[in-house]
Each structure stands twice: as structure tokens, then as C-alpha cells.
Amino acid sequence: MLVALTVAVSVTALALAAWCGFAAYRDQPTKDWHFIGMAVVSVLALVQLVVGFIRLAGGDTADQGSVLFVSYLLGAVLAVPAAGFLSLGERTRWGSVTVSAGAVVLAVLEVRLHDIWGG
């Protein structure tokens, strides 16, 4: 896997978590700007999914197995959009907390992806 891409996804996910956490601290729901941030993080995770599939198709293998690696890639792509969708149903500060938690989950998944690949 590309370390720079993994770091970029992790850093943007943690920035989104801090931003939405601050919104929750200020008793604010998720707003349009938060959804733009979620889109940026989701696009980066989607790029990582494509790069991962290309690397696997090119003959590279994950140290701990390709099935586990692909499972984590799919979970990483879905973490933030799922949290964003849930935040739409909860238009209070808890919607912001949900997105913040989803972004932290994505950052943890990135660390695990790096480990699975053999980093």
C-alpha cells in the first residue's frame, strides 16, 4: 500500500473528527461544511480502495491475506459515509458526535490496513 495515501486518509479523518467534535462541543449539528469534509475524506478512502485493488491485481499480496485486506478496505470506504448518513437522522449535537466517531474509526482502520499490508 502507499504509505503517503494511508497517512493522508488518516490525517484528514482525524481533522474531520476534531472539527465535528468541536461542533458537538459547541452544541451544533452537522452542517453543509461538515458534509463537504466528509466527502473529501470519503474520496480519499475511495482512491485508496482503487489503489489497493490495482496493487492486488498487479500481483502484490498483503502479508495477512488478501480477503482480510479487502474487507478492511471496504470498511474504510464505508465508515464515514455511514456516520454521515446516521447524522442526518440526528440533527442535534449527537449527529456531530456520530461523524466524529466514524472518522476516528476510519483512522484506526487505516492503521490496521497498514499493518495488514505489511507495514
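A: Let us begin with terms: helices are DSSP runs of H or I with at least four residues, while strands are E runs of at least two, both numbered from the N terminus. Axes are lines fitted to C-alpha atoms, for helices over the stretch in contact, and angles run from 0 to 180 degrees between N-to-C directions. This is a predicted model, in which local features need pLDDT of at least 70 and side-chain atom pairs count only at pLDDT 80 or more, whereas totals for chains, interfaces and linings use all residues. Residues are numbered from 1 along each chain as its sequence is written, and side-chain values use heavy atoms, with hydrogens and water left out.

Q: At what angle do helix α3 and helix α4 pack, and how far apart are their axes?
A: Two packed helices are described by the angle between their axes and the distance between the axes. Here helix α3 (residues 66-89) packs with helix α4 (residues 93-117) at an angle of about 170 degrees, and their axes are 8 Å apart. That angle makes α3 roughly antiparallel to α4; the classes are roughly parallel under 35 degrees, roughly antiparallel over 145, roughly perpendicular from 65 to 115, and oblique for the rest.

Q: How do the residues of the contact of α3 with α4 divide?
A: The contact of α3 with α4 has 17 nonpolar, 6 polar and 2 charged residues. In this grouping Ala, Val, Leu, Ile, Met, Phe, Trp, Tyr, Cys and Pro are nonpolar, Asp, Glu, Lys and Arg are charged, and the others, Gly among them, are polar.

Q: Is S96 buried or exposed?
A: Relative accessible area is the guide: under 20% is buried, over 50% is exposed, and values in between are partly exposed (1.4 Å probe, protein chains only). S96, which is found in helix α4, has 0% relative accessibility and therefore counts as buried. With neighbours within four places in sequence left aside, S96 is in contact (heavy atoms within 4.5 Å) with C20, A23, A24, Q28, P29 and T30.

Q: What covers the buried residues of α1?
A: The cover includes α2 (32-57), α3 and α4, and the buried residues of α1 include C20, A23 and A24, which are also among the contacts of S96. By contrast, A4 lies in helix α1 but is exposed, with a relative accessible area of 62%.

Q: How far does α1 reach from its first C-alpha to its last?
A: The expected span of a helix is 1.5 Å times one less than its number of residues. Helix α1 (residues 3-25), with 23 residues, reaches 32 Å, close to the 33 Å expected, and α2, with 26 residues, reaches 37 Å, close to the 38 Å expected. Just after α1, D27 takes a positive phi of about 65 degrees, and α2 is followed by G59, with a positive phi near 110 degrees.

Q: How many salt bridges does the structure hold?
A: A salt bridge is a side-chain nitrogen of Lys or Arg within 4 Å of a carboxyl oxygen of Asp or Glu, and the structure holds 2 of them. In one, the closest N and O atoms of D60 and R55 are 2.6 Å apart; D60 is partly exposed at 31%, and R55 is partly exposed at 26%. In the other, D115 pairs with R112, the closest N and O atoms being 2.7 Å apart, and both residues lie in helix α4, 3 residues apart, about one turn of the helix.
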